[in-house]
Structures are given as structure tokens and as C-alpha cells.
Amino acid sequence: MSKKLLTPLSALCISMFSAHALSQSSNDDSTITYPSAYFAEYVPITVNDMLNRIPGINLVLNNGGAGSNSSSDRGLGSSAQILIDGKRLAGKANEATSQLDRIAANEVDYIEIIRGSSSDLDVQNSGQLVNIVLLESQSRSTLSTEANATRFADGTVEPGGSLAWSGQSGNLTYLLSGTVATAYEHVESYEYSLNADFSPNDTIAFDRYRDQTNYTLNSNVSYALTENDRIAFNALYSQNDPQTELYRIVTDLNGPSPVVSYEREDIPSTSDNWEIGGDYEHSFNSGNRFKVLFIANEKNTDILRERFLSFTPGGTETKNLFLSTQSRYSERIARSSHTMTLREGQGLELGIEAAQTVQDSALKQGVPRATGGNPAYGGLTPVMFPNANSTVEEVRYEPFAIHNWQITPRMSLESSLVAEFSEIEQSADTNLKRDFQYLKPKLDYRFNISGSLQFRASLEREVSQLSFADFSRSTNDRDDDQDTIAGNPQLEPEESLKGEVTLDYRLPNDGGSLNARYFHYEYDNKIGKVDISTPTVLQSTNGNIGSAATYGIILNGSVKLGFVGLPQALLTAAATIQESEFHDDPMVPVEHGFPPYDRGTYRVSYRHDLPQYRMNYGLTYNGRWSGGRILYEIDNRYNLAVPNNFTAYVEIVGFAGLTYRLEANNLSNHESRPKRVRYAGKTIDAVPEEYEFTRSTTGTSFAFKVRGNF
């Protein structure tokens, strides 16, 4: 264990004993409850409207701590942030967070913020949980609707809307919804570059249009078979066709006079995904529980990119690139567990999760050559890559045990042990089969120093999940000079030891919350860029480099401004200050960090409710320290500047009892300004060849929404 980790973990242990010494001073209060009457004066439409009035809710919903599970992870895991009636949804893309804008506010009895851990919970609590408890009724039904339109900076107006029907009939609870949402984007960009001697090289004026609309159908149904038996089913289907067009005007400044060329890219695409899930739970009279759930999903993506070149505006075009990528990603997951009470204050959950994950991918590239064309490659000459077609299948089994111990009324310890047994097999262009076995223990300690102040500490051994896209050749979206990236079928998972210490304070009289978390992670087998160059071609790909570390502090505050005469105003601020480093990266000449821990972020938002006028408004500013992150490749260094964003909205309940909302995005019209240095040879030799400077923006957009419940 590294010295950098020992220091904070020693402090962690000292803090545990200090907290224990204070244990006689106050009472336990691990759950904060907000009844529906708390939100009545705000006239909420959906659960999201209710949650937005709870101080510190952003921290709860975006915990991001060690062990958190996301829809991009394979398998399901034992963690979740949202419960509905104390239960997790058997879904990933169709999970509880996606339901918050679909559940009507008048269906809610109360909302809980759960700060403790217990075997009574349906999931492991990695930080804090939100439990949305619905009204119990023999018959209730609500129809929630929204119609909206968004105007973008180039004058394009795109409509959208949603319809959700939720309610209960006897033992049946249901939610059916459909959504149409625009994802239109127009990016304007201008790049100029200099040669190594700082003489002008070229300029590129760039416009990219993405005309995308997302269509989603969603359903969640649960039925109480008996007082002790419950069954639930979830289903989702979504489709979007992100049609994209791209235009470049390239001016070469190296000759005696500028030479202008025109490039057009046509990128038709299709994408769809579906998911079905279900779960069954039986509660025994002893209080023990048995549950089993399953999930099946699939995502299909087909992208064709063709580039055309001409030397006069609107002139004769010549195709100079054909690039086709196809991908099918599917999962089949089953998870079963039995939860039992060992003795007073102690519970144990034993179970197993099994999953099969398959990704099929295919890449075809055609370029103009004298050897002639192939119709399957857009009439161009095929470029035959190794490892361009791939099927990757993982079969994984994870038996697990989770023990909860309520040591005192205010002190708890949750310990878990997961054993992973997996086999990854790659076939098609490359044939390889590998087996992996890991033990993943975790400790989560909580102590309520007072009814308002909670101390949390966790220590976990984590094994990352490999991205199957890294196994085979794929497209490169970040560098126009390199169309594809080589894959690496020899990748191994990253292993890490993660330690975290958190203090969470709830201000008196629901005045807000303050939270500070220190984290320190140590990695082995960290994935970065490795050199796979040949004598004629410089190449790099993702590979295991070695050890690395990251550490930092995350501060969050959400405070009602009653002390300055604004009891209905809420000021929220967050800041992340972090550092990361590879201990030894043989491809880069300097010590450097890695995403997403290489730069910190900050956020400030202000929300003011005016119940007497049945309206509210708010402002939010998101930014990053130092403006971006640095990515290293075999022959270039890229400063990826992530733009800041300033948003605002105003909302009012008006005609016919409907809610009218006006939103503005990127009000400051902030520009992203990435920079790239290309080298004559390898990056490690640090001999510059070209400097590229880019400015790009999507402009300001405005959205108008009308919502209501019926």
C-alpha cells in the first residue's frame, strides 16, 4: 500500500475513534422525510419538481463515490441511488432515475433521504439514497403531459413532448410513458495552425449539423400477488437516427498563394435499443426476504461516413473516404439473493449474479487508389485492417455476501465480499480466450455524530470493467488526421484500492446541507496509451501501463437564504479539487494525469421560489479548473478544452393550471478552445511539427415547455 494512501487512511481510523468518543452527545437520525404537503405550495407536476426543492439533492443523485453503478457498467451490481416504494427497478437504461420526470407529483405520499445502511434496504447505500413512496389507494390515475419547442442559435426550431400515464388499480401499480426529445446540434468551428517555425500552415472553417430526434417508449408495472409476494416488469424501447452533415473550408497557406478546398461529409446513422426486466420478491413471516430479477437488453448502431472533396464551391466532388462501423451490444443478467436477520442489529444477504455480455463490431474503410474500387466500400479501394471484425463475449458469475451490523444506535458497519469469475472470448479476425478471477471486498462505516452530522468512511478493492470497444479497431472521433484506432485484445482490467472519508451536515430547520469528501485511489494495471508502432507507421492503442494514483476533495453546499430575508431561495455550490498521475508512462516525457481525474470542476446555482406568484426562477454556472484536460497520443498532445456553461430558466403556473417554463442554455455563448501539438516523430521526443488552435461553439438555445397533470 502506498504512503500516499496510508496517510489519509490513518486519519480515517483516528476520525473513527474520535467520532466514537462523541457518541454519547446526540441522537440517531439517518433518514430525513419530506411529506407531499411540504411541496404543495410549489404546485409540482412531477417527482423531479419535488426533488428540486430539497436542499442538497444534487449531491444525493450524483454521489459518484466508489462502488457506484451506472448504466454503462456491465451487469447490475448491488448499488443504486433511487428507490421507488423501497425497491430498485430491474433495469439499466430503464432505471429509476429516468422515471423522475414521468411519475406525477400527486401520486407521491412522501420522499425519504436515507443516510444509513441496513439489510432492510433493497440495495447497498454507497452514499445517500432517495426513496420515493407512492400513495396507497384502491384506484388512482394521473395523465402527465408536456409539449415543448427548442430554438437553436442558427434559427432551427425543433418540437418535442412526452405523455405519461401512472396510477394504481387494486394491487396493480403502473407507469406507461412515451417521449419525443430533440438532440439537434449545430457546431461552428474555426481552426488555424502554424508550422514548427511558427509560419502559417492552414485554416479550417467547420460546420457540423446533427439532426437527431430521440423516441422512447417506457413501461413499469408491479403487482402484489399476496401480502408477502410482489412481481414487477419493466420494458423500454428507444430509437434515434443521428443524421449528421459536416462541411469544411480548408485554406492551405504554405504556398506562394492560398489554396482553398471544400470538404463535405455525409454521415447517415441509425441507432436503437430495447430492454426488458422483471423481478420477484417473497417476504417471509420471520422478516427474511428472497428476491430474483432478470434483465435483457440490446443496442444496435450503424454509422456510415463518406467524405467528398472539391476545389470550387458547389463544384464537382470526388469521394476520398468511406468509413462504415456497425455494432450490436447485448446483455442477459440474472441476480438472486436471500436476506436474513442473524440477530438483533445484524443482517446478512447472500446471493449470486450471472451475466452474459456480447458485442459484435465491424469496421470497413475505403480510400481512393489506382487499384480500382469496390461497391461494398462506396466505390473506393478497401483498406484491410487486422482485427476490424470482432465478436467479444463475456460470461461472468459473481457470488456475493453483504453483512450489515448496527453496532450502536448511531454507528453501523456494512461489509461485503464479491468474488468474480469471468471468461472473455474474442472471435472473428482475432481468436483469444481468457479467464479472470478476483475477490472484491468493501467496508462502509457510518457514524451519526449528532442528528445532523454524519461521518462516513469506506475502503474498497475494485476491479474495472473493460470496454469491449477497445478490443478491436474502431473509429477516431477526436482527430481528423487519424480515421481509425487499433484495438488491443490483450487488455486486462484495472485493479484499484479506493479509500474515502465523508462528513455530511444537515443544517437545522431544513436550512440546507454541507458535505465534504476526501478520496484517494491507488491503481494497478492502469489503462493508458501504449506504443504499437511498426517501422513504417506510428501507432498507439489503449493498453495496461502500470501503477497510478488519484486523490482529491469534493465540497458541496446547499443553503436556504432565510438568514438574509429570502427563505424560499436556495444557493447551491460545489467544487472538486483533484490530482492524478501515472507513476511511469513510457510513452510520455512528463508526469501527467488521466481522465476523469485530471481536472477539477465547480458549479454555482441559485433557485428562488415565489409561491405567492406561483412561479420560480433559477441560474446555474458550470465550469472547470484550468479549462480542460490533456490527452497524449503517440505523435501529438491534445488540450481538450471543455466549455463552461451558463443556464437560466423561469417557470410559472398560469392559464388552465398548466406550468409554463422558459429555459436558456449557454447564455454566455462560451467557446471551446482546444489546442493540439503534433510532433515530428514520437511525443516522447518532443520535436514539434505543427501547432493547431481551434475555437468552436454551439451558440445559445432557448426552450419553451408547457406541462400539466390531468
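Select Lys-364 and Tyr-377. The charged end of Lys-364 sits over the ring of Tyr-377, 5.3 Å from the ring centre. The rule for such a contact: NZ of Lys or CZ of Arg within 6 Å of the ring centre and within 35 degrees of the ring normal. Next, pick Arg-661 and Tyr-649. Here the charged end of Arg-661 sits over the Tyr-649 ring, 4.0 Å from its centre.

A word on the source before moving on. This is a predicted model, in which local features need pLDDT of at least 70 and side-chain atom pairs count only at pLDDT 80 or more, while totals for chains, interfaces and linings use all residues. Residues are numbered from 1 along each chain as its sequence is written, and side-chain values use heavy atoms, with hydrogens and water left out.

**Aromatic pairs**

A pair of aromatic rings is described by the distance of the centres and the angle of the planes. Rings of Phe, Tyr and Trp (its six-membered ring) pair if their centres lie within 6.5 Å; planes under 30 degrees apart are stacked, over 60 edge-to-face, and the rest tilted. The whole structure holds 22 aromatic pairs. Show Phe-436 and Tyr-438, a stacked pair with 6.3 Å centre to centre and 10° between the planes.

Are these two residues buried or exposed? The scale is relative accessible area: buried is under 20%, exposed over 50%, partly exposed in between (1.4 Å probe, protein chains only). Phe-436 has 8% relative accessibility, so this residue counts as buried. Tyr-438 has 12% and counts as buried.

Go to Tyr-602 and Tyr-621. Their ring centres are 6.3 Å apart and their planes at 25°, so this pair is stacked. Tyr-602 is in strand E29 (residues 601-610) and Tyr-621 in strand E30 (residues 615-624), 19 residues apart, and the pair links these distant parts of the chain. Strands (E, at least two residues) and helices (H or I, at least four) are DSSP runs, numbered from the N terminus. Tyr-602 is partly exposed at 22% relative accessibility; Tyr-621 is partly exposed at 28%.

Now select Phe-519, Tyr-521, Tyr-523, Phe-582, Phe-594 and Tyr-597. They form one aromatic cluster.

**Salt bridges**

Side chains of opposite charge can pair when their charged atoms come close. A salt bridge here is a side-chain nitrogen of Lys or Arg within 4 Å of a carboxyl oxygen of Asp or Glu. How many salt bridges does this rule give? The count comes to 41.

Zoom to Asp-504 and Arg-115. Their closest N and O atoms are 2.9 Å apart, in a salt bridge. Asp-504 lies in strand E25 (residues 495-506), and Arg-115 in the loop between strand E3 (108-114) and strand E4 (129-134), so the pair ties together parts that are 389 residues apart in sequence. Both Asp-504 and Arg-115 are buried.

Then show Lys-560 and Asp-510, a salt bridge at 3.1 Å, N to O. Lys-560 lies in strand E27 (residues 540-561) and Asp-510 in the loop between E25 and strand E26 (512-531), so this pair ties together parts 50 residues apart in sequence. Lys-560 counts as partly exposed at 21% relative accessibility.

Glu-692 and Arg-678 come next, with their closest N and O atoms 2.8 Å apart in a salt bridge. Glu-692 is in strand E36 (residues 688-697) and Arg-678 in strand E35 (residues 675-679), 14 residues apart. Glu-692 is buried at 8% relative accessibility, and Arg-678 is buried at 10%.

For a network, select Arg-335, Glu-353, Glu-394, Arg-396, Glu-398, Glu-420 and Lys-440; salt bridges link them.

**Strands**

Switch to cartoon. Two strands pair if DSSP finds at least two bridges between them. Strand E10 (residues 213-224) and strand E11 (residues 229-240) pair in the antiparallel sense over eleven bridges. A hairpin of four residues joins E10 to E11. Look for Asn-214, which stands opposite Asn-240 in E11.

E11 also pairs with strand E14 (residues 269-283), antiparallel, over twelve bridges. Phe-233 has Gly-278 in E14 as its bridge partner.

Last stop: an open sheet of four strands, in the order E1-E3-E4-E2, with mixed pairing. Strand E1 (31-35) and strand E2 (82-84) stand at the edges with a single partner strand each, so one side of each has no neighbour in the sheet. E2 and E4 pair in the parallel sense over three bridges. Ile-82 has Val-130 in E4 as its bridge partner.
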